Amino acid sequence: MNTTTITDDDIAALADGQLPADRRALVEAAIAREPSLAARVADIRAQNSLLRDAFDPWLAEAVPPRLVEAAVPPRAVARSRWARAWPAYAVAATLVLGVATGWLGRGFVLELSGTPTTFARQAAYTHALYSADQRRPVEVWANEEAGLVRWLSRRLGYQAHVPNLNSIGFALVGGRLVAGNEKPTALVMYENAEKQRLTLQWRVSKGRGGETEFRYAHEDGVGVFYWIDDDCAYALSGPLDRTRLLQVAHVVYGQIMAAERAPVPGSAPAPSAPGAPATIVPGPAGSPTEPPKATISG
Amino acid sequence: MTDAPLPQPDLVAALPRLRRYARVLTGDSARADDLVQETLARGWEKRRLWQAGTDLRAWLFTIMHNVFVNQRAQSHRDAQTVSLDAATEAGGESWHVPVPPQQFVRVEVVEMIAHVGRLPADQRETLLLAAVEEMKYEEIAQVLSVPVGTVMSRLSRAREKLRRMADGEEAPSLKRVK
């Protein structure tokens with residue numbers, strides 16, 4: 001290999017951290033000798049960093065419910081409905097995005113002024129209180145998950161769904177009942193390998209209809225994403241940064257929605273056979289009103 | 001049990017990245033979400049082709065790229081939409097993506113979003129996958145169905161153009177007319 005020929009591709013690969021090990025030492029030596037090469041690597045790295053600053057904030061935006069739904073069930077019926085109603089949904093998507101963008105701005109304001117809504121603030125405090133507890137963070141441990149689900153369901157008067165977050169590295173620790181303002185609140189806690197703890201809290205809150213939006217608040221180092229669907233208000237709290245916490249929130253939301261739709265207890269994603277009976281109406285306004293029978297998805 | 005092998009939580013978790021890729025491709029938020037929806041529908045249709053353990057993100061990006069290219073080819077055949085699409089390809093004209101509120105971001109960031117919008121679509125997507133998604137060049141080549149050499153040359157051209165735009169060598173209003 002010619003040691004003196006450093007190509008444009010070498011420069012790019014080095015800047016992108018993709019230069020094969022066998023070539024790396026060679027290129028680095030050449031760069032050490034030639035400041036103009038070093039400057040090109042630095043330029044590309046600065047550009048990459050600016051690109052990430054520009055495009056990473058998009059990841060924290062609320063995803064329109066119709067897309068979350070499209071990521072959940074393989075459902076032939078739903079698809080044909082979407083196809084027929086396409087222009088209407090295109091308009092709806094624009095509206096949703098407008099609202100979502102507005103909420104993103106609102107999230108900033110909430111975060112800066114430190115005045116999240118009561119529910120989010122309470123969720124953050126409750127999270128801080130119990131997640132710091134080493135010996136008894138929960139009342140019922142994960143090994144009694146079925147009992148936990150029954151207990152929480154009975155006390156809330158609403159079928160509980162405990163999401164399974166193993167695929168994103170968070171294992172269930174357990175759960176407890178906590179006092180809410182007017183109504184009891186269910187709490188389940190998760191922990192990852194780094195001992196970071198997340199809590200998901202929810203309470204029955206009669207829906208206001210309309211779109212589900214993820215909203216963000218930040219309280220004493222605890223980030224909270226909270227949202228309201230037709231039946232419950234949810235808050236996901238934890239020490240993760242906003243982007244990661246939102247990703248977890250999407251997973252939680254998707255699983256709860258899937259569990260509420262699943263007609264059969266226990267089994268994961270809904271029937272995928274093309275002819276599978278599917279009567280649930282997709283779309284912003286239509287969420288099942290029938291009490292779900294399924295317990296845990298995944 | 002193996003009837004629906006797509007890992008649903010991962011699919012939901014991939015949504016923000018799918019939307020971002022779609023926005024960079026289409027340059028338009030509403031069209032981007034339609035593209036994401038179509039991509040997810042295709043993903044479910046083709047779910048048997050996905051191999052467990054491989055990168056779901058790359059697999060979905062591949063589908064999205066193909067859907068986008070096919071849609072564009074189709075609309076080129078439709079005389080009524082040619083002008084719109086040509087504008088997208090030249091970049092800039094139909095770049096309606098959100099920019100964070102000014103007070104929260106640096107000027108360079110706002111400018112960068114605008115500059116990326118003036119790149120041709122193929123350079124935009126290559127740049128996104130390499131610099132922002134930090135995918136391996138070989139993976140990008142697979143997603144875009146082009147040789148690795150093409151990935152490298154697009155990347156190089158995109159970076160050079162961005163550099164020139166940042167230096168003011170390429171006037172912001174410059175638009176190549178076909």
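This tour goes through two chains of a predicted model, stop by stop, saying what to select and what is there.

The model is a prediction, in which local features need pLDDT of at least 70, side-chain atom pairs count only at pLDDT 80 or more, and totals for chains, interfaces and linings use all residues. Residues are numbered from 1 along each chain as its sequence is written, while chains are lettered from A and ligands numbered from 1 in the order in which they are written.

**The two chains**

Begin by colouring chain A by secondary structure, which comes to nine helices and seven strands; helices (H or I, at least four residues) and strands (E, at least two) are DSSP runs, numbered from the N terminus. Chain A has 298 residues, of which 40% count as buried, a residue being buried if 20 or more other C-beta atoms lie within 10 Å of its own, exposed if 12 or fewer, and partly exposed in between, with C-beta atoms placed from the backbone. Turning to chain B, you will find nine helices and zero strands, and 42% of its 178 residues count as buried.

**Helix α3 of chain A**

Select residues 35-55 of chain A, the 21 residues of helix α3, which at 1.5 Å a residue should span 30 Å, in agreement with the 30 Å between its end C-alpha atoms; the expected span is 1.5 Å times one less than the number of residues. Within α3(A), show the side chains of A:R40, A:I44, A:L50, A:L51, A:A54 and A:F55, which are buried. These residues lie on the same side of α3(A), because they cover an arc of only 130 degrees around the axis, the arc being that of the directions from the helix axis to the C-beta atoms. On the face turned away from that buried side, look for the exposed residues A:P35, A:A39, A:A42 and A:S49. The buried residues of α3(A) pack against α1 (8-15) of chain A and, in chain B, against α2 (15-26), α6 (107-117), α7 (121-132) and α9 (148-166).

**B:R19 in helix α2 of chain B**

Next centre the view on B:R19, which is found in helix α2 of chain B and is buried, with 22 other C-beta atoms within 10 Å. Leaving aside neighbours within four places in sequence, B:R19 is in contact with A:V63, B:A32, B:D33 and B:V36, where contact requires that the C-beta atoms of two residues, placed from the backbone, lie within 7 Å. Drawn from C-alpha to C-alpha, the line from B:R19 to B:A32 is 6.4 Å, although 13 residues separate them in sequence.

**Helices α7 and α8 of chain B**

Now show α7(B) with helix α8 (residues 137-144) of chain B, whose axes come within 10 Å and cross at roughly 145 degrees; axes are lines fitted to C-alpha atoms, for helices over the stretch in contact, and angles run from 0 to 180 degrees between N-to-C directions. The contact is made by B:T126, B:L129 and B:A130 of α7(B) together with B:I140, B:V143 and B:L144 of α8(B).

**Two loop residues**

Finish with B:E134, in the loop between α7 and α8 of chain B, where phi is near 55 degrees, a positive value in a residue other than glycine. Most residues other than glycine have a negative phi. B:E134 is exposed, with 12 other C-beta atoms within 10 Å. Then move to B:S145, in the loop between α8 and α9 of chain B, where phi is also positive, near 55 degrees, and which is exposed, with 11 other C-beta atoms within 10 Å.
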